[in-house]
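Okay, thanks for coming, everyone. I'd like to walk you through one structure today, going from the sheets to the ligand. Have a look at the picture while I talk.

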Amino acid sequence: MTVWIETANCNGCKRCIKTCPYGAVELREGKAYILEHCTSCGACVEVCREKAVLTDAEPRTIPDFSDRKGVWVFAEQRNGSLNRVSLELLGKAQSLAADLGQEVSAVLLGSQVSGLAKTLFGYGADNVYLAQHRALKDYRTIAYTKVFEELVKEFKPNILLMGATHVGRDLGPRVSRRVGAGLTADCTELSIDPEEGILLQTRPAFGGNVMATIANRYSRPQMATVRPGIMEAVRKKNNRGNLIKCRVSLTEKEIGTKVLEAVRETRGKVNLAEAKVIVAGGRGVGSEAGMKALFSLAKAFGGEVAGTRIIVEEGWLPVERQVGQTGQSVRPEIYIACGISGAIQHRAGIMGSRYIIAINKDPGAPIFKVADWGIVGDLHQVVPEMTRAVSQSMGK
Ligand SMILES: Cc1cc2nc3c(=O)[nH]c(=O)nc-3n(C[C@H](O)[C@H](O)[C@H](O)COP(=O)(O)OP(=O)(O)OC[C@H]3O[C@@H](n4cnc5c(N)ncnc54)[C@H](O)[C@@H]3O)c2cc1C
């Protein structure tokens with residue numbers, strides 16, 4: 001299969017250049033030019049409006065998805081409490097649905113959980129699909145997958161979002177396989193392509209060194225998981241909506257697993273997701289003992305302490321306090337980065353913060369590019385000084 005340019009038709013718009021995932025198209029004398037390392041994937045052929053990019057391959061036709069409507073969010077609950085990521089996803093779903101002129105729906109599975117529908121309406125769901133059954137009381141892969149598959153096949157959503165939680169990461173791929181759709185895991189940004197009306201799913205790729213935007217033209221629903229703490233929950237003025245009760249048929253025999261016991265972890269809970277102030281340390285803190293000053297500053301603010309992957313690997317903080325691409329995503333009012341260089345993998349977890357304050361002795365540290373305020377200095381002097389000032393003003 002070959003791809004070539006019909007130069008007489010090319011108007012030099014560069015759409016093919018922007019689309020090519022391999023950087024195999026360039027502009028020469030105002031016309032597109034295919035380079036030798038072209039893989040003939042055909043991405044440029046699809047976007048050309050001038051019929052200037054041609055191929056001898058059979059065109060892949062985009063199916064008619066006009067019957068696919070609505071942005072769905074999996075309303076993950078455990079023991080009758082909603083996981084906050086579901087509310088965050090409803091916030092994002094509202095803007096996606098507005099761009100598409102479609103509705104937002106939450107999908108709530110469980111037993112005796114109908115009371116949660118009101119909260120879901122309050123956070124942006126126009127509809128709640130409620131599937132209740134004894135067998136759905138605790139999350140079990142096969143039971144939830146079966147019910148989800150049936151709902152997707154019956155109601156045909158356009159987009160389906162899940163939290164990248166333990167449950168969402170288990171359920172999402174299962175459902176996507178059953179309904180023959182793709183899934184983009186761990187997205188950090190979602191938007192609608194204004195021209196094609198399809199979901200653009202952005203996530204870190206190649207070890208976090210690039211951000212890749214993935215779109216799905218050929219199957220529905222367009223499925224994505226998003227990590228907790230990245231999107232913003234948005235309250236609606238009222239908490240009214242449409243409750244759609246769905247019929248569920250499940251037998252224990254077909255599920256094949258039983259929950260014998262649920263054991264709660266008893267260690268002190270670190271709640272980075274809801275902290276208003278986070279004081280975070282990086283390698284610049286120097287040692288585990290050095291972290292003490294950060295705990296004092298966090299205490300003065302009534303906040304939490306977090307850190308980079310490096311200091312978790314050093315054993316200066318437990319892993320549940322790691323922020324970033326492979327740690328948690330946070331969105332506090334204030335994020336104070338102490339001795340953190342600002343690597344892309346760390347920044348991936350902090351960009352939802354309202355204000356970022358960076359303390360670093362290197363004025364060229366990348367963290368200053370994303371900080372609202374920067375203090376160039378030694379954190380061992382700055383942090384105690386800050387703690388004194390904050391304690392005094394809090395006292396007043
Ligand atoms: C696949 C992958 C996933 C990753 N996931 C994560 C992740 O989830 N989270 C994460 O954080 N990282 C992650 N990383 C690692 C990331 O690439 C960086 O290596 C890491 O974030 C750097 O941590 P740091 O800023 O603490 O250390 P460094 O990059 O070493 O920076 C230390 C900073 O401290 C400053 N400093 C030194 N002494 C002082 C002082 N006395 N006062 C003030 N400043 C001082 C220095 O100027 C420097 O800027 C990941 C990497 C990969 C490849």
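So, there's an open sheet here with 7 strands, paired in parallel, and the order across it is 11-15-10-5-8-9-16. Keep in mind that this is a predicted model. If you're new to sheets: the strands pair through backbone hydrogen bonds, and that can be parallel or antiparallel.

Which strands stand at the edges? Those are strand 11, residues 183-187, and strand 16, residues 242-246. Each has a single partner strand, so one side of each has no neighbour in the sheet. Going from one strand to the next, the twist averages 25°.

Let's zoom in on one pair. Strand 8, residues 104-110, and strand 9, residues 127-132, run parallel and share 6 bridges.

Helix 3, residues 84-100, lies across strand 5, strand 8, strand 10 and strand 15, and it runs at about 175° to strand 5. Helix 5, residues 141-155, packs on the sheet too, touching strands 5, 8, 9, 10 and 16, and its direction makes about 150° with that of strand 8.

Strand 13, residues 199-205, is joined to strand 14 by 5 bridges, and Gln201 stands opposite Ile214 in strand 14.

Last stop, the ligand. How many residues surround it? There are 26, and the closest are Arg283, Thr308, Thr326, Ser341 and Asn360. By class, that shell has 16 polar, 5 nonpolar and 5 charged residues. Helix 9 (309-314), helix 10 (344-347) and helix 12 (379-395) each supply at least two of the shell residues.

Here are some distances to oxygen atoms of the ligand. A polar backbone atom of Arg283 is 2.7 Å from one. For the side chain of Asn360, an N or O atom is 2.8 Å away from a ligand oxygen, and for Gln322, a polar side-chain atom lies 2.9 Å from one. On its own, the ligand has 990 Å² of accessible area, and the protein covers 79% of that.

Methods. Residues are numbered from 1 along each chain as its sequence is written. This is a predicted model: local features need pLDDT of at least 70, side-chain atom pairs count only at pLDDT 80 or more; totals for chains, interfaces and linings use all residues. Side-chain values use heavy atoms; hydrogens and water are left out. A residue is near a molecule or strand if one of its heavy atoms lies within 4 Å of it. A polar contact is a pair of N or O atoms within 3.5 Å; within protein, one must be able to donate a hydrogen and the other to accept it, and residues adjacent in sequence count only if both atoms are side-chain atoms. Accessible areas come from the Shrake-Rupley method with a 1.4 Å probe; for residues, only the protein chains shown count as cover. Helices (H or I, at least four residues) and strands (E, at least two) are DSSP runs, numbered from the N terminus. Ala, Val, Leu, Ile, Met, Phe, Trp, Tyr, Cys and Pro count as nonpolar, Asp, Glu, Lys and Arg as charged, and the others, Gly among them, as polar. Two strands pair if DSSP finds at least two bridges between them. Axes are lines fitted to C-alpha atoms, for helices over the stretch in contact, and angles run from 0 to 180 degrees between N-to-C directions. Contact means heavy atoms within 4.5 Å.
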